[in-house]
Each structure stands twice: as structure tokens, then as C-alpha cells.
Amino acid sequence: MTALVRSGVGPLCAMARAAIPSIWRGKYFSSGNEPAENNPVTPMLRHLIYKIKSTGPITVAEYMKEVLTNPAKGYYVYRDMLGEQGDFITSPEISQIFGELLGIWFISEWMATGKSTAFQLVELGPGRGTLVGDILRVFTQLGSVLKNCDISVHLVEVSQKLSEIQALTLTEEKVPLERNAGSPVYMKGVTKSGIPISWYRHLHDVPKGYSFYLAHEFFDVLPVHKFQKTPQGWREVFIDIDPQVSDKLRFVLAPSATPAEVFIQHDETRDHVEVCPDAGVIIEELSQRIALTGGAALVADYGHDGTKTDTFRGFCGHKLHDVLIAPGTADLTADVDFSYLRRMAQGKVASLGPIKQHTFLKNMGIDVRLKVLLDKSNEPSVRQQLLQGYDMLMNPKKMGERFNFFALLPHERLQGGRHQRNARQSKPFASLVAGFSELAWQ
Ligand code: SAH
């Protein structure tokens with residue numbers, strides 16, 4: 001691994017971000033049945049109709065997977081859907097402060113666990129690379145703290161289009177990128193601050209080693225199975241062709257039990273549930289890695305603690321979109337069930353949260369950071385944008401309450417290992433995980 005090259009103190013000033021549209025993906029619950037103006041026959045719809053005609057109705061999970069990540073026609077594969085011109089906006093695209101505070105979180109965990117001589121920063125679903133860019137800027141600004149630490153960046157991304165945008169944002173192509181579409185590491189380069197960076201399609205291809213993992217608005221795009229309680233027991237929701245209209249899809253219930261039913265808890269009291277086995281597989285992999293080599297994972301997303309029912313919905317052009325209309329042209333998402341993530345981590349690592357975004361960011365010092373940026377900026381439009389961004393991230397009626405933070409940490413971290421004891425404290429300061437505790441910065 002290459003040593004971190006420090007290019008001096010990064011900009012303390014506020015940077016212009018996109019104008020903030022009023023809708024974000026965590027905003028609504030919906031059955032996905034909002035009226036659609038028309039139902040264009042997209043290439044994806046044609047593909048799904050052939051598929052259903054030849055092999056029968058498909059699960060909602062299979063539908064989501066095809067629509068979002070099919071290598072030829074998937075929604076995520078060939079477009080930039082983020083920001084003002086796209087379909088939805090995310091916290092890192094709204095305010096630079098978001099990524100800066102997450103950067104501080106990782107440094108805080110690195111320090112609390114003994115300042116290892118090297119670590120990997122691994123992001124799942126990095127979008128435009130804005131978040132990791134903000135985090136790396138903090139790493140550069142805090143170069144004196146991180147000196148002599150070999151850092152490398154590893155991005156897990158299925159989208160060809162977004163990986164190109166990430167590469168441009170993060171490397172500015174100062175050094176030519178190495179590309180190899182057939183390899184598990186399909187792109188490699190060096191960031192503008194001199195850090196080695198690599199791209200993968202799957203987490204299991206990322207080298208194992210002391211790592212900090214980040215997943216922001218990633219788990220909500222993973223495919224969910226949906227189940228409805230009926231007098232005959234749980235029945236899985238499938239997608240079939242509408243017998244009345246040949247180019248239209250509709251939801252149907254399976255006539256009998258299906259294998260995915262094993263994911264439903266025996267004591268389940270809701271009458272409709274969504275389960276995401278892919279999320280479970282990823283959490284298990286993260287947990288095993290963290291238990292084995294140390295580090296931490298920070299997951300931020302909209303979601304619930306095993307209480308919500310039908311949250312599957314679509315977004316197109318900052319509006320809710322019927323999930324079955326014009327597939328491939330709109331984002332599909334479902335709220336993350338944090339109680340399931342916690343269950344999948346249990347026994348391997350400790351988990352913290354979910355806690356609300358406004359609490360996490362407050363604990364991380366968002367008010368202080370906002371004040372510093374406001375004090376440094378004389379530009380009224382930038383000041384206004386900072387304040388609007390703060391409101392969007394923190395207001396409980398906006399993203400403040402709908403988004404949650406959840407962390408996976410080695411058990412020793414919370415039990416107070418060698419590096420977790422304060423000389424004056426006999427008890428481990430287990431609760432002092434930044435962001436999850438008000439005491440974090442006292
Ligand atoms: N984290 C970013 C982007 C969120 S959108 C932000 O908050 O701004 C979801 C991201 O996950 C996109 O980058 C998308 O291409 C990626 N993605 C979707 N499904 C994926 C999968 N199965 N594996 C890896 N990346 C995926």
C-alpha cells in the first residue's frame with residue numbers, strides 16, 4: 001500500500017452543492033400504486049414479459065434485482081440518477097458537512113482501536129463518489145493525525161456509469177486508470193490526494209484486512225421478498241402479466257408456501273412483511289470480516305426496527321412512481337429492516353443503533369461545523385445553501401428522523417479492550433462510540 005500523500009490543508013470553506021429538491025427517497029410509504037399517466041413499453045418491461053411468459057411469475061426480489069442491476073438494461077447500470085437533474089437526492093449530495101462528520105467518525109474509531117498502521121476504507125454503493133470524496137478531504141485535513149497510516153479506498157459498485165463518475169470525482173484522472181472489465185477488480189487508480197483506489201462488483205472480492213466499511217442508502221436498493229398473511233398462512237407476493245392488458249404487470253399472491261418464507265420470524269405479528277436476504281448475506285460477510293480483522297461498519301439509511309409493512313416504492317424525477325410502470329426508468333427501494341440486520345450480526349460482532357440521523361449528526365458536532373463554515377463564508381448564496389442543507393439533514397420532519405445510523409463493531413470495542421480504557425476510568429468507556437453517544441466529544 002502506498003503512503004498517504006498529503007497535499008496540504010484542504011479547503012475549510014464551504015463548497016457549492018446542487019440545489020436541494022424537496023423530495024428524498026426516505027420520504028413516503030406507499031403501496032406503489034400511484035396513478036401513472038402512461039405505461040410505456042420499456043426494453044426492461046419487454047424483457048420481463050418474455051421472462052414471465054417463459055418461466056412464470058417472478059418474486060418481487062427477482063423483479064427488483066432485474067430492474068435495478070440487470071447488466072444490460074438495469075436502472076443503476078447506465079445512468080446518473082442522483083441530484084437535481086436525476087430521480088432523487090441523498091445527504092452527501094446536499095451538504096459537504098455530512099461526509100466530513102462521517103470522516104471524523106472513522107478517524108475516531110481508528111484512534112479508539114489503537115491507530116493501526118494501515119486501513120482500508122470500503123464503500124458499498126458510492127453513488128457519485130461525493131461522500132467518499134468528502135471523507136478523504138477530512139483525512140487530508142487531519143493528515144497530522146493520520147500520518148504514517150497507509151490508507152486505501154475500495155469501492156463496491158455495479159454501475160458502469162456511476163463508477164466512471166466516481167473515478168472522475170475522486171482521481172481527476174491525474175494518473176491514468178487501469179481497466180479490466182473481466183477482473184473482479186475492474187478498475188484501479190490513485191485518488192487526487194495520492195491514495196490507491198480500486199473498484200469491485202462484489203464485497204467478497206475486496207481484500208480482507210483491517211477496514212472501515214460504509215453503506216449510505218445502499219441497503220434500501222437490495223431486493224426484498226414480500227409476504228402477505230392470509231387465512232391459509234403466509235403467501236409470497238409475485239409479479240405476473242395482467243390478463244386484461246398484455247403490456248401491464250400486476251401483483252399476485254403465490255397459491256402455496258414458497259421457500260423464502262423461512263425468513264419470516266415465527267412470532268411475527270404484522271400481516272405484511274418485506275425481507276431482504278441479500279442484506280443478511282452482506283451483514284454476515286461484514287460481521288465475519290470485522291470479527292476477524294477489526295475495523296467497523298457504518299450503515300446509514302431510511303428504515304425501521306421490524307415494525308413497518310409495505311414500504312416498496314419507486315422514484316422518478318423526484319416524484320413517487322408506480323413500481324410496476326415503465327420498469328428500468330425509475331428507482332425502486334424498500335425501507336431497511338434494522339432489526340433483521342442486527343439479528344444477522346448477532347454473535348459475531350456488536351451492533352449499535354439504529355439511531356436517528358439528527359441525533360447522530362448532533363453528537364458528531366454538526367452545529368460546530370456549520371458555525372465554522374458560516375463564519376468562513378462571505379457569500380450569501382453559500383451561507384443560505386449551508387443553512388438549507390442543515391435543515392434538510394436535521395429537521396425531524398425532513399431527513400432528520402427518517403434516516404438512521406447503525407454500526408457494527410468488534411465485541412472488544414464495546415467491552416473495553418486494551419485501547420478502550422481511559423487512565424482515570426476503571427470502567428471501559430464502552431458507550432463512547434462517537435455519534436452514538438452524547439458524551440463522544442466531552
Ligand atoms: N451512497 C450514494 C448512492 C446511493 S444510490 C449516496 O448516498 O449518494 C445506491 C448506490 O448503490 C448506487 O451507487 C448504485 O449503483 C449502487 N448499487 C445498487 N445495487 C448495487 C449492488 N447490488 N451492488 C453494488 N452496488 C449497488
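Colleague: Which residues of H5 are buried?
Modeller: In this predicted model, helix H5 covers residues 130-141 and has twelve residues. Ten of the twelve are buried, so H5 is largely enclosed by the rest of the structure. The buried ones are Thr130, Leu131, Val132, Asp134, Ile135, Leu136, Arg137, Val138, Phe139 and Thr140.

Colleague: How far does H5 reach from its first C-alpha to its last?
Modeller: At 1.5 Å a residue, the expected figure for H5 is 16 Å. The model comes close to that, with a reach of 17 Å.

Colleague: What does Phe436 touch, leaving out residues up to four places away in sequence?
Modeller: Phe436 has the most contacts inside the largest core together with Trp105, Phe139, Leu298 and Phe360. Three of these names return among the residues that Phe436 touches. The list is Trp105, Leu298, Leu352, Gly353, Ile355, Phe360, Asn363, Phe405, Phe406 and Ala407.

Colleague: Where is the cis peptide bond that involves Pro354?
Modeller: Pro354 is in strand S17, residues 350-356. Omega is about 5° for the bond in question, which joins Pro354 to Gly353.

Colleague: How much of the ligand does the protein bury?
Modeller: There are 18 residues around the ligand, and Thr90, Gly125, Gly127, Glu157 and His216 come nearest. An oxygen atom of the ligand lies 2.6 Å from a polar side-chain atom of Thr90, and a ligand nitrogen atom is 2.7 Å from a polar backbone atom of Gly125. A side-chain N or O atom of Glu157 is 2.5 Å from an oxygen atom of the ligand. Taken alone the ligand exposes 560 Å², and the share buried by the protein is 93%.

Colleague: Is Arg402 buried or exposed, and which side chain does its own side chain contact?
Modeller: Arg402 sits in helix H13, residues 399-402. Its relative accessible area is 16%, under the 20% cut-off, so Arg402 is buried. At 3.2 Å, its side chain makes a polar contact with the side chain of Asp335.

Colleague: Which side chain makes a polar contact with that of Gln265?
Modeller: Gln265 is in the loop between strands S10 (249-253) and S11 (272-275), and is partly exposed at 32% relative accessible area. Tyr340 is 75 residues away from Gln265 in sequence, yet the two C-alpha atoms are 9.7 Å apart. The polar contact, 3.2 Å, is with the side chain of Arg343.

Colleague: Asn148 and Ala326 have positive phi; which values do they take, and is each buried or exposed?
Modeller: Neither residue is a glycine. Asn148, in the loop between helix H6 and strand S3, has phi of about 70° and is exposed at 67% relative accessible area. Ala326, in the loop between strands S14 and S15, has phi near 45°. Its relative accessible area is 4%, and Ala326 is buried.

Colleague: What percentage of the residues in the protein chain count as buried?
Modeller: The chain has 14 helices and 18 strands. Among contacts between residues at least 6 apart in sequence, 76% join residues at least 24 apart. Of the 442 residues, the buried share is 56%.

Notes
Residues are numbered from 1 along each chain as its sequence is written. This is a predicted model: local features need pLDDT of at least 70, side-chain atom pairs count only at pLDDT 80 or more; totals for chains, interfaces and linings use all residues. Side-chain values use heavy atoms; hydrogens and water are left out. Helices (H or I, at least four residues) and strands (E, at least two) are DSSP runs, numbered from the N terminus. The expected span of a helix is 1.5 Å times one less than its number of residues. Buried means under 20% relative accessible area, exposed over 50%, partly exposed in between (1.4 Å probe, protein chains only). A nonpolar core is a set of buried Ala, Val, Leu, Ile, Met, Phe, Trp, Tyr and Cys residues joined through side-chain atoms within 4.5 Å. Contact means heavy atoms within 4.5 Å. A residue is near a molecule or strand if one of its heavy atoms lies within 4 Å of it. A polar contact is a pair of N or O atoms within 3.5 Å; within protein, one must be able to donate a hydrogen and the other to accept it, and residues adjacent in sequence count only if both atoms are side-chain atoms. Accessible areas come from the Shrake-Rupley method with a 1.4 Å probe; for residues, only the protein chains shown count as cover.
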